[in-house]
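Subject: Structure handover

Hello,

Here is the structure for you to look through. My notes follow below it.

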Amino acid sequence: MIHLDRTAGASPLYQQIYQQIKSDILQGYLSPDEKLLGTRTLAKMIEVSRNTVDRAYVQLTLEGYIESRQNAGFYVLKLPKSFKSEKKFSEQVPTNEDCVSDEEIIYDLTNSSHTSNLFPKKVWKKHYLNALDELDDAEKLSTLQPFQGEYKLRKEISRYLERIRGVRCHPSQIIITSGLQQSLDYLCQFLGNTQESVLMEDPSYPKARATFKKNHYQIVTAEVDDKGLDLTKVDKSAAIKMIYTTPSHQFPLGMIMPISRRQELLTFAKERNSFIIEDDYDSELRYYQRPIPALKSIDYLDRVIYLGTFSKILSPSFRMGYMVLPEQFTEKFLENGKLYNSTVNLLNQIALANILSSGDYDRLVRKMNHVFKKRYEAFKQEFQKFKTPIELSSNVSGQYFLLHLSNGMQQDELIKKAEKEGVRVYDTMQFWQEKAACPQESLFLGFSKIDLEDIPDCVSRLRRAWEK
(Lines give C-alpha, C1' and ligand atoms only; values in the text may rest on other atoms or scores of the structure.)
Protein backbone atom coordinates (compact mmCIF):
# COMPACT_ATOMS: atom_id res chain seq x y z
CA MET A 1 0.00 0.00 0.00
CA ILE A 2 1.32 3.45 -0.93
CA HIS A 3 1.39 6.05 1.85
CA LEU A 4 1.72 9.70 0.83
CA ASP A 5 3.09 12.59 2.87
CA ARG A 6 1.00 15.61 1.86
CA THR A 7 2.55 18.05 4.34
CA ALA A 8 4.31 21.18 3.18
CA GLY A 9 7.93 20.56 2.20
CA ALA A 10 7.39 16.86 1.40
CA SER A 11 8.60 15.38 -1.88
CA PRO A 12 6.29 15.70 -4.90
CA LEU A 13 3.53 13.10 -4.85
CA TYR A 14 4.61 11.45 -8.11
CA GLN A 15 8.12 11.04 -6.69
CA GLN A 16 6.78 9.40 -3.51
CA ILE A 17 4.74 6.95 -5.63
CA TYR A 18 7.80 6.25 -7.81
CA GLN A 19 10.08 5.66 -4.79
CA GLN A 20 7.68 3.33 -2.99
CA ILE A 21 7.00 1.17 -6.05
CA LYS A 22 10.73 1.04 -6.87
CA SER A 23 11.52 0.02 -3.29
CA ASP A 24 8.86 -2.73 -3.39
CA ILE A 25 10.41 -4.11 -6.60
CA LEU A 26 13.96 -4.05 -5.21
CA GLN A 27 12.93 -5.71 -1.95
CA GLY A 28 10.99 -8.45 -3.71
CA TYR A 29 7.52 -7.43 -2.52
CA LEU A 30 6.60 -7.03 -6.22
CA SER A 31 7.70 -10.04 -8.26
CA PRO A 32 8.83 -10.19 -11.91
CA ASP A 33 5.85 -10.35 -14.27
CA GLU A 34 3.47 -9.10 -11.57
CA LYS A 35 0.86 -6.69 -12.89
CA LEU A 36 0.64 -3.25 -11.27
CA LEU A 37 -2.64 -1.54 -10.53
CA GLY A 38 -3.91 0.51 -13.46
CA THR A 39 -3.17 4.23 -13.30
CA ARG A 40 -6.85 5.14 -12.99
CA THR A 41 -7.44 2.57 -10.23
CA LEU A 42 -4.35 3.57 -8.22
CA ALA A 43 -5.11 7.30 -8.59
CA LYS A 44 -8.60 6.77 -7.22
CA MET A 45 -7.33 4.56 -4.37
CA ILE A 46 -4.73 7.06 -3.08
CA GLU A 47 -6.76 10.14 -4.03
CA VAL A 48 -4.42 11.82 -6.50
CA SER A 49 -4.82 12.83 -10.12
CA ARG A 50 -4.27 10.21 -12.79
CA ASN A 51 -1.53 12.40 -14.28
CA THR A 52 0.44 12.07 -11.02
CA VAL A 53 0.37 8.28 -11.23
CA ASP A 54 1.16 8.39 -14.96
CA ARG A 55 4.25 10.48 -14.24
CA ALA A 56 5.50 7.96 -11.64
CA TYR A 57 4.87 5.01 -13.99
CA VAL A 58 6.68 6.75 -16.87
CA GLN A 59 9.75 7.29 -14.69
CA LEU A 60 9.73 3.63 -13.56
CA THR A 61 9.41 2.56 -17.21
CA LEU A 62 12.30 4.78 -18.35
CA GLU A 63 14.55 3.31 -15.63
CA GLY A 64 13.64 -0.25 -16.59
CA TYR A 65 11.75 -1.34 -13.48
CA ILE A 66 8.40 -1.85 -15.24
CA GLU A 67 7.11 -2.08 -18.80
CA SER A 68 3.86 -1.21 -20.53
CA ARG A 69 2.28 -4.07 -22.45
CA GLN A 70 -0.17 -3.22 -25.18
CA ASN A 71 -3.77 -3.40 -24.00
CA ALA A 72 -2.63 -5.22 -20.85
CA GLY A 73 -1.24 -2.60 -18.44
CA PHE A 74 2.06 -2.26 -16.58
CA TYR A 75 4.17 -5.24 -15.45
CA VAL A 76 7.24 -5.58 -13.23
CA LEU A 77 10.46 -6.50 -15.07
CA LYS A 78 13.01 -9.03 -13.85
CA LEU A 79 16.18 -7.45 -12.47
CA PRO A 80 19.65 -8.95 -11.93
CA LYS A 81 20.01 -9.86 -8.27
CA SER A 82 23.00 -7.55 -7.90
CA PHE A 83 20.64 -4.57 -8.39
CA LYS A 84 18.54 -5.56 -5.39
CA SER A 85 20.62 -3.70 -2.85
CA GLU A 86 17.79 -2.28 -0.75
CA LYS A 87 17.24 -4.75 2.09
CA LYS A 88 14.21 -5.38 4.24
CA PHE A 89 14.66 -4.10 7.79
CA SER A 90 17.91 -2.41 6.76
CA GLU A 91 17.54 0.02 9.62
CA GLN A 92 18.25 -2.76 12.12
CA VAL A 93 21.86 -3.02 13.27
CA PRO A 94 23.24 -6.56 13.69
CA THR A 95 24.32 -7.31 17.22
CA ASN A 96 27.19 -9.49 16.00
CA GLU A 97 29.49 -7.94 13.41
CA ASP A 98 30.34 -11.41 12.05
CA CYS A 99 26.67 -12.32 11.59
CA VAL A 100 25.25 -11.88 8.07
CA SER A 101 21.45 -11.93 7.84
CA ASP A 102 19.51 -13.73 5.11
CA GLU A 103 18.42 -10.35 3.73
CA GLU A 104 22.06 -9.49 3.01
CA ILE A 105 22.62 -12.62 0.92
CA ILE A 106 22.27 -11.87 -2.79
CA TYR A 107 23.30 -15.27 -4.15
CA ASP A 108 22.56 -18.49 -2.25
CA LEU A 109 24.51 -21.31 -3.91
CA THR A 110 22.37 -24.06 -2.45
CA ASN A 111 21.49 -27.39 -4.04
CA SER A 112 18.03 -27.60 -2.49
CA SER A 113 15.92 -25.42 -4.81
CA HIS A 114 15.53 -24.15 -8.38
CA THR A 115 15.19 -20.69 -9.82
CA SER A 116 11.43 -20.17 -9.96
CA ASN A 117 11.41 -19.69 -13.74
CA LEU A 118 12.42 -23.34 -14.24
CA PHE A 119 9.20 -24.82 -12.89
CA PRO A 120 7.13 -25.93 -15.93
CA LYS A 121 3.99 -24.01 -14.98
CA LYS A 122 2.18 -24.31 -18.32
CA VAL A 123 2.94 -28.02 -18.71
CA TRP A 124 1.99 -28.77 -15.11
CA LYS A 125 -1.22 -26.72 -15.25
CA LYS A 126 -2.37 -28.51 -18.43
CA HIS A 127 -1.82 -32.00 -17.04
CA TYR A 128 -3.10 -31.12 -13.57
CA LEU A 129 -6.44 -29.89 -14.97
CA ASN A 130 -6.68 -32.99 -17.15
CA ALA A 131 -6.00 -35.15 -14.09
CA LEU A 132 -8.77 -33.35 -12.19
CA ASP A 133 -11.25 -34.15 -14.97
CA GLU A 134 -9.99 -37.72 -15.20
CA LEU A 135 -10.49 -38.39 -11.49
CA ASP A 136 -13.87 -36.70 -11.53
CA ASP A 137 -15.04 -38.88 -14.43
CA ALA A 138 -13.84 -42.00 -12.60
CA GLU A 139 -15.46 -40.83 -9.35
CA LYS A 140 -12.11 -41.15 -7.55
CA LEU A 141 -11.74 -37.59 -6.28
CA SER A 142 -12.80 -38.49 -2.75
CA THR A 143 -11.36 -41.99 -2.46
CA LEU A 144 -8.38 -43.20 -0.47
CA GLN A 145 -5.59 -44.84 -2.46
CA PRO A 146 -3.65 -47.99 -1.74
CA PHE A 147 -0.27 -47.93 -0.08
CA GLN A 148 1.65 -48.48 -3.34
CA GLY A 149 0.27 -45.43 -5.09
CA GLU A 150 -1.60 -45.00 -8.36
CA TYR A 151 -1.20 -47.92 -10.80
CA LYS A 152 -1.19 -45.61 -13.84
CA LEU A 153 1.87 -43.76 -12.55
CA ARG A 154 3.66 -46.98 -11.54
CA LYS A 155 3.12 -48.36 -15.02
CA GLU A 156 4.57 -45.21 -16.63
CA ILE A 157 7.57 -45.31 -14.27
CA SER A 158 8.28 -48.95 -15.18
CA ARG A 159 8.22 -48.05 -18.88
CA TYR A 160 10.40 -44.98 -18.31
CA LEU A 161 13.00 -46.88 -16.26
CA GLU A 162 13.40 -49.59 -18.89
CA ARG A 163 13.88 -47.00 -21.62
CA ILE A 164 16.15 -44.56 -19.78
CA ARG A 165 17.90 -46.52 -17.00
CA GLY A 166 17.87 -50.09 -18.35
CA VAL A 167 15.81 -51.27 -15.35
CA ARG A 168 13.18 -53.93 -16.11
CA CYS A 169 10.53 -54.16 -13.42
CA HIS A 170 6.81 -54.75 -13.03
CA PRO A 171 4.54 -51.97 -11.68
CA SER A 172 3.81 -54.20 -8.68
CA GLN A 173 7.44 -53.74 -7.55
CA ILE A 174 7.13 -49.94 -7.44
CA ILE A 175 6.10 -47.91 -4.37
CA ILE A 176 5.32 -44.18 -4.74
CA THR A 177 6.68 -42.16 -1.81
CA SER A 178 7.08 -38.53 -0.80
CA GLY A 179 10.84 -38.67 -1.30
CA LEU A 180 14.07 -40.32 -0.25
CA GLN A 181 13.62 -40.07 3.50
CA GLN A 182 10.20 -41.72 3.46
CA SER A 183 11.54 -44.47 1.20
CA LEU A 184 14.39 -45.14 3.64
CA ASP A 185 11.97 -45.06 6.59
CA TYR A 186 9.82 -47.73 4.92
CA LEU A 187 12.85 -49.93 4.25
CA CYS A 188 14.22 -49.58 7.77
CA GLN A 189 10.85 -50.52 9.27
CA PHE A 190 10.45 -53.48 6.93
CA LEU A 191 13.97 -54.92 7.21
CA GLY A 192 13.93 -54.09 10.87
CA ASN A 193 16.96 -55.83 12.41
CA THR A 194 18.83 -52.98 14.09
CA GLN A 195 21.40 -55.39 15.50
CA GLU A 196 22.89 -55.17 12.02
CA SER A 197 24.45 -52.13 10.33
CA VAL A 198 24.12 -49.94 7.27
CA LEU A 199 27.25 -49.60 5.14
CA MET A 200 27.59 -46.10 3.67
CA GLU A 201 30.10 -44.37 1.45
CA ASP A 202 32.21 -41.72 3.16
CA PRO A 203 31.49 -38.99 2.18
CA SER A 204 27.77 -39.47 1.59
CA TYR A 205 24.34 -37.80 1.76
CA PRO A 206 23.81 -36.57 5.37
CA LYS A 207 19.99 -36.81 5.32
CA ALA A 208 20.20 -40.49 4.43
CA ARG A 209 22.63 -41.02 7.30
CA ALA A 210 20.28 -39.15 9.66
CA THR A 211 17.33 -41.35 8.59
CA PHE A 212 19.23 -44.56 9.32
CA LYS A 213 20.31 -43.25 12.72
CA LYS A 214 16.74 -42.21 13.54
CA ASN A 215 15.73 -45.81 12.89
CA HIS A 216 18.48 -47.00 15.31
CA TYR A 217 20.82 -48.51 12.73
CA GLN A 218 24.56 -48.40 13.31
CA ILE A 219 26.55 -46.80 10.50
CA VAL A 220 29.63 -48.51 9.06
CA THR A 221 31.57 -46.40 6.56
CA ALA A 222 33.82 -47.25 3.64
CA GLU A 223 36.03 -44.79 1.79
CA VAL A 224 35.56 -43.96 -1.87
CA ASP A 225 38.29 -43.89 -4.49
CA ASP A 226 38.20 -42.86 -8.15
CA LYS A 227 35.85 -45.82 -8.84
CA GLY A 228 33.40 -45.08 -6.03
CA LEU A 229 32.69 -47.27 -3.00
CA ASP A 230 35.80 -49.25 -1.98
CA LEU A 231 34.87 -52.51 -0.24
CA THR A 232 38.39 -53.81 0.40
CA LYS A 233 38.72 -52.30 3.88
CA VAL A 234 35.25 -53.17 5.23
CA ASP A 235 35.41 -55.13 8.49
CA LYS A 236 34.68 -58.76 7.59
CA SER A 237 33.02 -59.35 10.96
CA ALA A 238 30.50 -56.50 10.55
CA ALA A 239 26.87 -57.65 10.20
CA ILE A 240 25.56 -55.48 7.36
CA LYS A 241 21.87 -55.34 6.55
CA MET A 242 21.90 -52.59 3.91
CA ILE A 243 24.47 -50.90 1.69
CA TYR A 244 23.60 -47.32 0.69
CA THR A 245 25.38 -46.13 -2.46
CA THR A 246 25.18 -43.56 -5.28
CA PRO A 247 26.96 -45.47 -8.09
CA SER A 248 25.90 -43.37 -11.10
CA HIS A 249 27.07 -40.05 -9.60
CA GLN A 250 28.75 -40.43 -6.21
CA PHE A 251 27.45 -37.81 -3.81
CA PRO A 252 29.17 -35.43 -3.38
CA LEU A 253 32.47 -36.30 -5.14
CA GLY A 254 30.93 -37.09 -8.52
CA MET A 255 32.72 -40.23 -9.77
CA ILE A 256 30.92 -43.05 -11.63
CA MET A 257 31.23 -46.65 -10.42
CA PRO A 258 32.50 -48.86 -13.30
CA ILE A 259 30.98 -52.21 -14.17
CA SER A 260 33.77 -54.20 -12.48
CA ARG A 261 33.20 -52.44 -9.15
CA ARG A 262 29.43 -52.88 -9.51
CA GLN A 263 29.84 -56.62 -9.94
CA GLU A 264 32.06 -56.71 -6.86
CA LEU A 265 29.35 -54.89 -4.92
CA LEU A 266 26.67 -57.37 -5.98
CA THR A 267 28.88 -60.29 -4.96
CA PHE A 268 29.64 -58.60 -1.63
CA ALA A 269 25.91 -58.19 -0.96
CA LYS A 270 25.23 -61.85 -1.71
CA GLU A 271 28.04 -63.04 0.55
CA ARG A 272 26.85 -60.80 3.43
CA ASN A 273 23.15 -61.52 2.80
CA SER A 274 22.68 -57.73 2.43
CA PHE A 275 20.52 -55.50 0.27
CA ILE A 276 21.93 -52.64 -1.80
CA ILE A 277 20.05 -49.34 -1.76
CA GLU A 278 20.85 -47.57 -5.05
CA ASP A 279 20.08 -43.84 -4.74
CA ASP A 280 19.83 -42.69 -8.36
CA TYR A 281 19.14 -39.09 -7.37
CA ASP A 282 20.13 -37.13 -10.52
CA SER A 283 20.91 -39.70 -13.20
CA GLU A 284 18.89 -37.85 -15.87
CA LEU A 285 21.07 -34.74 -15.70
CA ARG A 286 23.97 -35.73 -17.96
CA TYR A 287 25.66 -32.87 -19.83
CA TYR A 288 28.17 -34.51 -22.11
CA GLN A 289 27.03 -38.10 -22.59
CA ARG A 290 24.04 -40.38 -22.31
CA PRO A 291 23.01 -41.61 -18.84
CA ILE A 292 24.77 -44.86 -17.95
CA PRO A 293 22.58 -47.83 -16.97
CA ALA A 294 21.59 -48.15 -13.32
CA LEU A 295 23.13 -50.76 -11.01
CA LYS A 296 19.61 -52.23 -10.79
CA SER A 297 19.80 -53.04 -14.52
CA ILE A 298 22.38 -55.80 -13.84
CA ASP A 299 20.80 -57.02 -10.58
CA TYR A 300 20.89 -60.72 -11.48
CA LEU A 301 21.04 -61.58 -7.74
CA ASP A 302 17.83 -59.62 -6.95
CA ARG A 303 19.60 -57.66 -4.21
CA VAL A 304 19.16 -54.03 -5.33
CA ILE A 305 16.49 -51.63 -4.06
CA TYR A 306 16.33 -48.77 -6.55
CA LEU A 307 15.37 -45.24 -5.37
CA GLY A 308 14.40 -42.51 -7.83
CA THR A 309 12.99 -38.99 -7.63
CA PHE A 310 11.21 -36.39 -9.75
CA SER A 311 12.37 -33.44 -7.63
CA LYS A 312 15.47 -32.64 -9.69
CA ILE A 313 13.48 -32.11 -12.90
CA LEU A 314 10.15 -30.71 -11.65
CA SER A 315 11.05 -28.97 -8.39
CA PRO A 316 12.57 -29.85 -5.00
CA SER A 317 9.26 -28.80 -3.41
CA PHE A 318 7.41 -31.40 -5.53
CA ARG A 319 8.26 -34.11 -2.99
CA MET A 320 7.59 -37.24 -4.98
CA GLY A 321 9.88 -40.22 -5.34
CA TYR A 322 9.62 -43.97 -5.75
CA MET A 323 11.39 -47.20 -5.02
CA VAL A 324 11.68 -50.42 -6.99
CA LEU A 325 11.76 -53.46 -4.70
CA PRO A 326 13.55 -56.76 -5.34
CA GLU A 327 11.09 -59.44 -6.44
CA GLN A 328 12.15 -61.70 -3.56
CA PHE A 329 10.43 -59.58 -0.90
CA THR A 330 7.90 -57.46 -2.85
CA GLU A 331 4.91 -59.59 -1.84
CA LYS A 332 5.82 -59.57 1.85
CA PHE A 333 6.52 -55.81 1.77
CA LEU A 334 3.09 -55.11 0.29
CA GLU A 335 1.44 -57.42 2.79
CA ASN A 336 3.00 -55.39 5.62
CA GLY A 337 1.73 -52.15 4.07
CA LYS A 338 -1.82 -53.16 3.20
CA LEU A 339 -3.33 -51.37 6.23
CA TYR A 340 -1.75 -48.06 5.15
CA ASN A 341 -2.77 -45.56 2.49
CA SER A 342 -0.48 -43.65 0.16
CA THR A 343 0.60 -40.26 1.52
CA VAL A 344 1.24 -38.80 -1.96
CA ASN A 345 -1.35 -36.49 -3.53
CA LEU A 346 -3.42 -38.48 -6.04
CA LEU A 347 -3.92 -35.53 -8.41
CA ASN A 348 -0.17 -35.06 -8.60
CA GLN A 349 0.31 -38.74 -9.35
CA ILE A 350 -2.18 -38.72 -12.24
CA ALA A 351 -0.76 -35.47 -13.64
CA LEU A 352 2.77 -36.86 -13.51
CA ALA A 353 1.70 -40.10 -15.20
CA ASN A 354 0.29 -38.00 -18.06
CA ILE A 355 3.48 -35.90 -18.25
CA LEU A 356 5.52 -39.09 -18.59
CA SER A 357 3.24 -40.70 -21.19
CA SER A 358 2.96 -37.54 -23.31
CA GLY A 359 6.71 -37.08 -23.75
CA ASP A 360 6.64 -33.75 -21.87
CA TYR A 361 8.89 -35.15 -19.15
CA ASP A 362 11.58 -36.05 -21.70
CA ARG A 363 11.38 -32.50 -23.06
CA LEU A 364 11.79 -31.10 -19.55
CA VAL A 365 14.87 -33.28 -19.00
CA ARG A 366 16.44 -31.95 -22.19
CA LYS A 367 15.68 -28.38 -21.14
CA MET A 368 17.19 -28.87 -17.67
CA ASN A 369 20.33 -30.44 -19.12
CA HIS A 370 20.77 -27.43 -21.40
CA VAL A 371 20.17 -24.89 -18.60
CA PHE A 372 22.43 -26.53 -16.02
CA LYS A 373 25.22 -27.26 -18.50
CA LYS A 374 25.30 -23.54 -19.41
CA ARG A 375 25.39 -22.53 -15.74
CA TYR A 376 28.17 -24.95 -14.87
CA GLU A 377 30.28 -23.86 -17.83
CA ALA A 378 29.73 -20.20 -16.93
CA PHE A 379 31.06 -20.86 -13.42
CA LYS A 380 34.10 -22.68 -14.86
CA GLN A 381 34.84 -19.75 -17.17
CA GLU A 382 34.52 -17.15 -14.41
CA PHE A 383 36.68 -19.09 -11.93
CA GLN A 384 39.48 -19.14 -14.49
CA LYS A 385 39.89 -15.41 -13.79
CA PHE A 386 41.11 -16.12 -10.25
CA LYS A 387 44.79 -15.54 -9.54
CA THR A 388 44.66 -18.16 -6.77
CA PRO A 389 44.71 -21.77 -8.06
CA ILE A 390 41.14 -23.14 -8.06
CA GLU A 391 39.99 -26.64 -8.91
CA LEU A 392 36.37 -27.59 -9.65
CA SER A 393 35.20 -31.17 -9.31
CA SER A 394 34.87 -32.84 -12.70
CA ASN A 395 31.12 -32.74 -13.13
CA VAL A 396 29.30 -34.50 -15.92
CA SER A 397 25.89 -34.24 -14.29
CA GLY A 398 23.91 -32.76 -11.43
CA GLN A 399 23.35 -29.27 -10.07
CA TYR A 400 26.45 -28.66 -7.96
CA PHE A 401 30.22 -28.87 -7.89
CA LEU A 402 32.95 -28.98 -5.26
CA LEU A 403 35.49 -26.18 -5.25
CA HIS A 404 39.04 -26.57 -3.94
CA LEU A 405 40.83 -23.31 -3.16
CA SER A 406 44.51 -23.34 -2.23
CA ASN A 407 44.98 -19.99 -0.52
CA GLY A 408 45.60 -21.14 3.05
CA MET A 409 42.08 -20.39 4.30
CA GLN A 410 39.84 -23.07 5.81
CA GLN A 411 36.16 -23.73 5.19
CA ASP A 412 34.68 -21.60 7.96
CA GLU A 413 36.79 -18.57 7.03
CA LEU A 414 36.02 -18.94 3.31
CA ILE A 415 32.30 -19.16 4.08
CA LYS A 416 32.30 -16.06 6.33
CA LYS A 417 34.25 -13.96 3.84
CA ALA A 418 31.89 -14.99 1.01
CA GLU A 419 28.82 -14.08 3.08
CA LYS A 420 30.20 -10.59 3.71
CA GLU A 421 30.22 -10.14 -0.07
CA GLY A 422 26.61 -11.37 -0.32
CA VAL A 423 27.27 -14.95 -1.46
CA ARG A 424 26.36 -18.05 0.56
CA VAL A 425 28.47 -21.16 -0.05
CA TYR A 426 28.44 -24.39 1.94
CA ASP A 427 30.89 -26.54 3.85
CA THR A 428 31.68 -30.10 2.80
CA MET A 429 32.26 -31.30 6.37
CA GLN A 430 28.56 -32.24 6.60
CA PHE A 431 29.07 -35.08 4.09
CA TRP A 432 31.84 -36.87 5.98
CA GLN A 433 31.21 -39.27 8.83
CA GLU A 434 34.94 -39.18 9.59
CA LYS A 435 35.38 -35.40 9.81
CA ALA A 436 39.18 -35.53 9.83
CA ALA A 437 39.13 -36.97 6.29
CA CYS A 438 37.34 -33.93 4.85
CA PRO A 439 39.64 -31.55 2.88
CA GLN A 440 39.59 -28.26 4.77
CA GLU A 441 39.97 -26.09 1.67
CA SER A 442 36.93 -27.53 -0.18
CA LEU A 443 33.47 -25.98 -0.52
CA PHE A 444 30.09 -27.07 -1.91
CA LEU A 445 28.46 -24.79 -4.51
CA GLY A 446 25.07 -25.42 -6.12
CA PHE A 447 23.95 -23.61 -9.26
CA SER A 448 20.27 -24.53 -9.55
CA LYS A 449 19.12 -21.33 -7.82
CA ILE A 450 21.17 -18.75 -9.72
CA ASP A 451 20.37 -17.31 -13.15
CA LEU A 452 22.99 -17.49 -15.89
CA GLU A 453 23.30 -13.71 -16.20
CA ASP A 454 24.06 -13.37 -12.46
CA ILE A 455 27.02 -15.77 -12.44
CA PRO A 456 29.75 -13.24 -13.44
CA ASP A 457 28.74 -10.87 -10.62
CA CYS A 458 28.50 -13.77 -8.16
CA VAL A 459 32.01 -15.02 -8.94
CA SER A 460 33.48 -11.51 -8.90
CA ARG A 461 32.16 -11.16 -5.35
CA LEU A 462 33.85 -14.45 -4.40
CA ARG A 463 37.06 -13.17 -5.95
CA ARG A 464 36.89 -10.04 -3.81
CA ALA A 465 36.20 -12.19 -0.75
CA TRP A 466 38.97 -14.72 -1.24
CA GLU A 467 41.74 -12.81 -2.99
CA LYS A 468 42.02 -9.74 -0.73
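First, the ground rules. This is a predicted model, in which local features need pLDDT of at least 70 and side-chain atom pairs count only at pLDDT 80 or more, while totals for chains, interfaces and linings use all residues. Residues are numbered from 1 along each chain as its sequence is written, and side-chain values use heavy atoms, with hydrogens and water left out. Helices (H or I, at least four residues) and strands (E, at least two) are DSSP runs, numbered from the N terminus.

**H4 and H10**
The axes of H4 (residues 121–137) and H10 (residues 346–358) come within 8 Å. They cross at roughly 120 degrees. Axes are lines fitted to C-alpha atoms over the stretch in contact, with angles from 0 to 180 degrees between N-to-C directions. Contact means heavy atoms within 4.5 Å. Among the residues that meet are Trp124 and His127 in H4, and Asn348 and Ile350 in H10. The contact divides into 12 nonpolar, four polar and one charged (Ala, Val, Leu, Ile, Met, Phe, Trp, Tyr, Cys and Pro are nonpolar; Asp, Glu, Lys and Arg charged; the others, Gly among them, polar).

**H2 and what follows**
In H2 (residues 39–46), Thr39, Leu42, Ala43 and Ile46 are buried (under 20% relative accessible area; exposed is over 50%, partly exposed in between, with a 1.4 Å probe and protein chains only). Seen down the axis, these residues fall within an arc of 100 degrees, so they line one face of H2. The arc is taken from the directions from the helix axis to the C-beta atoms. They pack against H1 (13–26), H3 (50–62) and strand E2 (73–76). The face turned away carries the exposed Arg40 and Lys44.

Glu47 follows H2 and sits in the loop between H2 and H3. Its phi is positive, near 60 degrees. Glu47 is exposed, at 65% relative accessibility. Asn71 also has a positive phi, about 60 degrees. Asn71 is exposed too, at 81%.

**Cis peptide bonds**
Most peptide bonds are trans. The bond from Asp202 to Pro203 is cis, with omega near 15 degrees. A cis bond also joins Phe251 and Pro252, with omega about 5 degrees.

Best wishes
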